[in-house]
Amino acid sequence: MLRSKGGSRISRKDTNWQGIDSQGIDLQGTMVTATLTLLLAVTLSGQMARGEDVRALVTEARGLQAAGRLDEARDLYERVLVAEPGDVEAQDGMASTSETISLKARAAGDMNGALETLVRAQKVEPDNQRVLLDLGILEDEMSLDMDAVSTLEHLVALKPADPNAFYALARVDLNLGRLAAAEEEMRAYLRVRPQDASAHYGLGRIYLQGLEFDKAQAEFEESIRIQPKQSEGYYQLGQAYLNQNKLEEAIAQFKTALVRDPKHGGALVGIGTAYFKLKQYDEAKEWLVRATEAAPEYQPGHYYLGLTLARLGDAAGSRRELDVATELAAKENEKSATRLRLQHPEGQP
């Protein structure tokens, strides 16, 4: 399923879009310092494997992995790779155990632990495509945009390039406002997988941000053609119409989005905004109240509700909603301003 910032869902490339994605998390300075210490000071237990010990260690690691003792198995694969970086079995074992350990940490809410695990794997397997893709996706999800760019650009430079790397990199470049690069990367992905509905959706988001409304509309319509049972394509198509003041068309698309997701905050706000622009303030208020109840952290809902209440003569209510909108906007600005580059924190975007 596809999901948007106003409040919806999607599938695993959910790595995906802001508007089709998972929420990132903020890192505090002290947490970053502690994490860096862990990342940059991986200590290997025991002695490094020598030539005659490598096969025995790989066999032991495979047994531990089969028994579910993933940390111990990962440590042995790591020892082998320090001595024999090209050992294919150890490379595969290091990647698979690290991926599973990271996924378990992520499921438990330990994003820093998940990140530490993948960075550790990448240190001993710098060109492992599986590790790099997982790491780049996680860095994007944690709003470590510049780290994600570095990781994913490294990945797409490897041959043969993983198409998923272009998809993930397009999302990061969209976050950074690099629209030309994002378009090129998403088109590279679509050349390999032209029937991917979420990729057409993503390309539509790129065009929408670039105010290329006709192109955006075409991509959202293609996404819907491929996968009619979704809400996000209809929602974004509504946004494209709303941005062009095609208000009745926008309302129709937002209402279609609500058929599958009745509490879609973005669609509820979109309808309320359209009615506000049509000067139908009572109707706008009804939809915007529903929007703020369904998605209380979505700033545009409070903003347009404040404007609507002012038109209806409710000065106190208007001030209350506009104050909430101002507070939410300040939080979002602060979050954007504190995005970090973890692996090279001294680097500048």
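The model is predicted: local features need pLDDT of at least 70, side-chain atom pairs count only at pLDDT 80 or more, and totals for chains, interfaces and linings use all residues. Residues are numbered from 1 along each chain as its sequence is written, and side-chain values use heavy atoms, with hydrogens and water left out.

Start with the whole chain. The protein chain has 17 helices and zero strands. Helices (H or I, at least four residues) and strands (E, at least two) are DSSP runs, numbered from the N terminus. Of the 349 residues, 50% count as buried. Buried means under 20% relative accessible area, with a 1.4 Å probe and protein chains only. Contact means heavy atoms within 4.5 Å. Among contacts with a separation of 6 or more, 57% join residues 24 or more positions apart.

Now return to helix 4, residues 88–107. Its 20 residues should span 28 Å at 1.5 Å a residue, and its end C-alpha atoms are 29 Å apart, which agrees. The expected span is 1.5 Å times one less than the number of residues. At the start of helix 4, a side-chain oxygen of Asp87 reaches to within 3.2 Å of the backbone nitrogen of Glu89. The buried residues of helix 4 include Gly93, Met94, Glu99 and Ile101. Their cover includes helix 2 (54–66), helix 3 (70–83), helix 5 (111–124) and helix 6 (129–141).

Next comes a helix pair. Two packed helices are described by the angle between their axes and the distance between the axes. Helix 10 (residues 197–209) and helix 11 (residues 213–226) pack at about 165°, with axes 8 Å apart. Helix 10 is therefore roughly antiparallel to helix 11 (an angle over 145 degrees, on a scale from 0 to 180 between N-to-C directions). The crossing of the two is left-handed: the near helix is turned anticlockwise from the far one by less than a right angle. Helix 10 contributes residues including His200, Tyr201 and Arg205 to the contact. Helix 11 contributes residues including Phe213, Glu219 and Phe220.

Finally, look at Phe276. Phe276 lies in helix 14 (residues 265–277). Phe276 counts as buried because its relative accessibility is 11%. Leaving aside neighbours within four places in sequence, Phe276 is in contact with Tyr281, Ala284, Tyr304, Leu307, Thr308 and Arg311. The C-alpha atoms of Phe276 and Leu305 are separated by 9.0 Å, and these residues are 29 apart along the chain.

Definitions and conventions
A polar contact is a pair of N or O atoms within 3.5 Å; within protein, one must be able to donate a hydrogen and the other to accept it, and residues adjacent in sequence count only if both atoms are side-chain atoms. Angles under 35 degrees count as roughly parallel, over 145 as roughly antiparallel, 65 to 115 as roughly perpendicular and the rest as oblique.
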